[in-house]
Amino acid sequence: MGEIFALLGPNGAGKTTLISIVCGIVNRSSGTVTVDGHDITRDYRAARNLIGLVPQELTIDAFESVWATVNYSRGLFGKPANPAFVEKVLRDLSLWDKKDAKAITLSGGMKRRLMIAKALSHEPRVLFLDEPTAGVDVELRQDMWAMVRRLREDGVTIILTTHYIEEAEAMADRVGVINRGEIVLVDGKAELMRKLGRKRLMLELRAPLASIPETFSRYALELSPDGGQLTYTYDNQSERPGVASLIRDLEAAGIQFRDIDTQNSSLEEIFVNLLRQEA
Amino acid sequence: MNLRAAMNLRAVWAIYRVEMARAFRTVLQSIISPVISTSLYFVVFGSAIGSRITEIDGISYGAFIVPGLIMLSLLTQSISNASFAIYFPKFVGSIYELLSAPVSYLEIVIAYVGGAATKSIILGLIILATASLFVPLHIEHPVWMLAFLVLTAVTFSLFGFIIGIWAKSFEQLQLVPLLIITPLTFLGGSFYSINMLPDVWRTVTLFNPVVYLISGFRWSFYGKSDVSVGISLGMTVVFLLICIAIVAWIFRTGYRLRN
């Protein structure tokens, strides 16, 4: 079973540079990189054999056919010709009926899929997707994510960068945050959200309050302007008391509520908060 | 370790095939236009001017210019084929795939330079065949003729490869062939024997490396040369070694490729 790893970071944080170093496109200034134990310089053939890369920009030889382009990529990685496999890749990406079309005649979404087909043509074990869904319509995005999940089931490790945090939230098993060239944090998505995520408890009151009673100061509650709603923000690391004690205290004080709602903070909020702490 | 295990020959073949496919796709530009321009040279220089110049070193003028004409195309086409082949992926960005593939520098050079050299050798042979329609040709040392053809094509394809990596714009890509190679070829004895020049200019001309290529190549046809064949061959090999050294440096430092 593979893994989907989302690399998040603001523009210019070094996401693409990091990927480019691992893939051998840019020389690193220092440090070592290994891919499945293979050093990317000393053992570059073994390391690169494992990697498929879909870069951010659409860069394809415009005058070659889809079929020739994908087979070229496979050859470049030293794999023997395998028309059946290439056909499967093209069918999976809904490009089979375009196999004889020249790349220049394809739509943007098709070109994006052709780039993915090229990256998959040599059966990589690690797939880098740099902003794969930028400028891709919703339907196609869904298809792409379905394909990424299938790859993971086949044991491929997928490392993706994205601006759409909802996407990382929906897809990723683990999340890494990079800022100013440094990995700030790597954690499982669920753990990250549990550890750094905030919860918000909203209580709709039966009768509006003019102000929050003194006795509740330790909860740091917020009262809506109309006095009809109390909001309690808490997280797992905070020293503030739990929800149960708040509710007990409210009952004791005779404050009644009509409805309760809770909200989890999104990965986006966590992300923004992290970067704010960094800065 | 056998060759198949040590080298990614499939990658070499994949790149080479794409390069050759491009030539066949643009057959008009790659093959037919040089043939037409060579024919024009024959009409203008061979027939119009050649009828007034009788013989050089006992060779009719029309026949005399054939080796020079082939060299002219060989040099310019080798450079433009190889420089374009590596510049274009750099320009559109598709070079990322080459850099991320398990391909060694040696394999990249063999594939691109091999492709460019193959194309210009084929072209040289086509021009030779075209020329034989205009003038009676005689090749005294066919093996040496082929050796000079291959050596020059490879050397200048390497040179073109270097230009393609160095160039940051299409303008720069055209600059070296236009400003350096074409003048050197015209002034290198394509259309005349440098022995016909006044002494001063003859000495100056000896600093032009193209003189040695044309002279040696012409010797393989007619057994006559401006400078000795040994020197011609030596100079060609020296230029080849210089190009190899520069390519080696480019790849060691990642110059304009991996930074």
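What follows is a tour in short stops, from one chain to the interface and then to single residues.

**Before you start**

This is a predicted model, in which local features need pLDDT of at least 70, side-chain atom pairs count only at pLDDT 80 or more, and totals for chains, interfaces and linings use all residues. Residues are numbered from 1 along each chain as its sequence is written, chains are lettered from A and ligands numbered from 1 in the order in which they are written, and side-chain values use heavy atoms, with hydrogens and water left out.

**Stop 1: the annotated domain of chain B**

Select residues 25-254 of chain B. UniProt, in an unreviewed entry, lists them as "domain: ABC transmembrane type-2". UniProt positions are given in the numbering used here, feature names are shortened, and annotations may be inferred rather than shown by experiment. Over residues 25-254 the chain is 78% helix and 2% strand. The end C-alpha atoms of that span are 31 Å apart. Helices (H or I, at least four residues) and strands (E, at least two) are DSSP runs, numbered from the N terminus.

Now color the spans that the unreviewed UniProt entry annotates as "transmembrane region": 27-49, 61-88, 146-167, 173-192, 204-221 and 227-251 of chain B. Look at two of them.

- Residues 61-88 of chain B are 100% helix and 0% strand, with end C-alpha atoms 40 Å apart.
- Residues 173-192 of chain B are 70% helix and 0% strand, with end C-alpha atoms 29 Å apart.

**Stop 2: B:Ser193**

Select B:Ser193. It sits in the loop between helix H8 (170-186) and helix H9 (199-205) of chain B. Is B:Ser193 buried or exposed? It counts as buried, because its relative accessibility is 1%. The cut-offs are under 20% relative accessible area for buried, over 50% for exposed, and partly exposed in between (1.4 Å probe, protein chains only).

Show the side chain of B:Asp226 too. The side chains of B:Ser193 and B:Asp226 make a polar contact (3.0 Å). A polar contact is a pair of N or O atoms within 3.5 Å; within protein, one must be able to donate a hydrogen and the other to accept it, and residues adjacent in sequence count only if both atoms are side-chain atoms. Neighbours within four places in sequence aside, B:Ser193 is in contact (heavy atoms within 4.5 Å) with B:Ile56, B:Asp57, B:Phe64 and B:Asp226.

**Stop 3**

Show both chains. How large is the area buried between chain A and chain B? It is about 2400 Å², and carbon and sulfur atoms give 54% of it. Buried area is the accessible area (1.4 Å probe) that two parts lose on being put together, summed over both. In chain A, select A:Arg45, A:Tyr72 and A:Leu76: they lose the most area to chain B, together 27% of what that side buries.

The contact takes 26 residues from chain A and 29 residues from chain B. Across this interface there are three salt bridges, where a side-chain nitrogen of Lys or Arg lies within 4 Å of a carboxyl oxygen of Asp or Glu. Zoom in on A:Lys118 and B:Glu97, whose side chains meet in a salt bridge (2.9 Å, N to O). On the side of chain A that touches chain B, helix H2 (44-49), helix H3 (66-76) and helix H5 (108-120) each give two or more residues.

**Stop 4: A:His122**

Select A:His122, in the loop between H5 and strand S5 (126-130) of chain A. A:His122 is buried, with a relative accessible area of 1%. A polar atom of its side chain lies 2.7 Å from the backbone oxygen of A:Ile51. Beyond four places in sequence, the contacts of A:His122 include A:Arg48, A:Arg74 and A:Phe77.

**Stop 5: two positive phi values**

Most residues other than glycine have a negative phi. Select A:Ser94, where phi is near 55 degrees. A:Ser94 lies in the loop between H4 and H5 of chain A and is partly exposed, at 46% relative accessible area. Then select A:Glu131, where phi is near 50 degrees. A:Glu131 lies in the loop between S5 and helix H6 (138-153) of chain A and counts as buried, at 5% relative accessibility.

**Last stop: A:Ile255**

Select A:Ile255, in the loop between helix H9 (243-252) and strand S12 (257-264) of chain A. A:Ile255 is buried, with a relative accessible area of 10%. Draw a line to A:Ser30: the two C-alpha atoms are separated by 62 Å.
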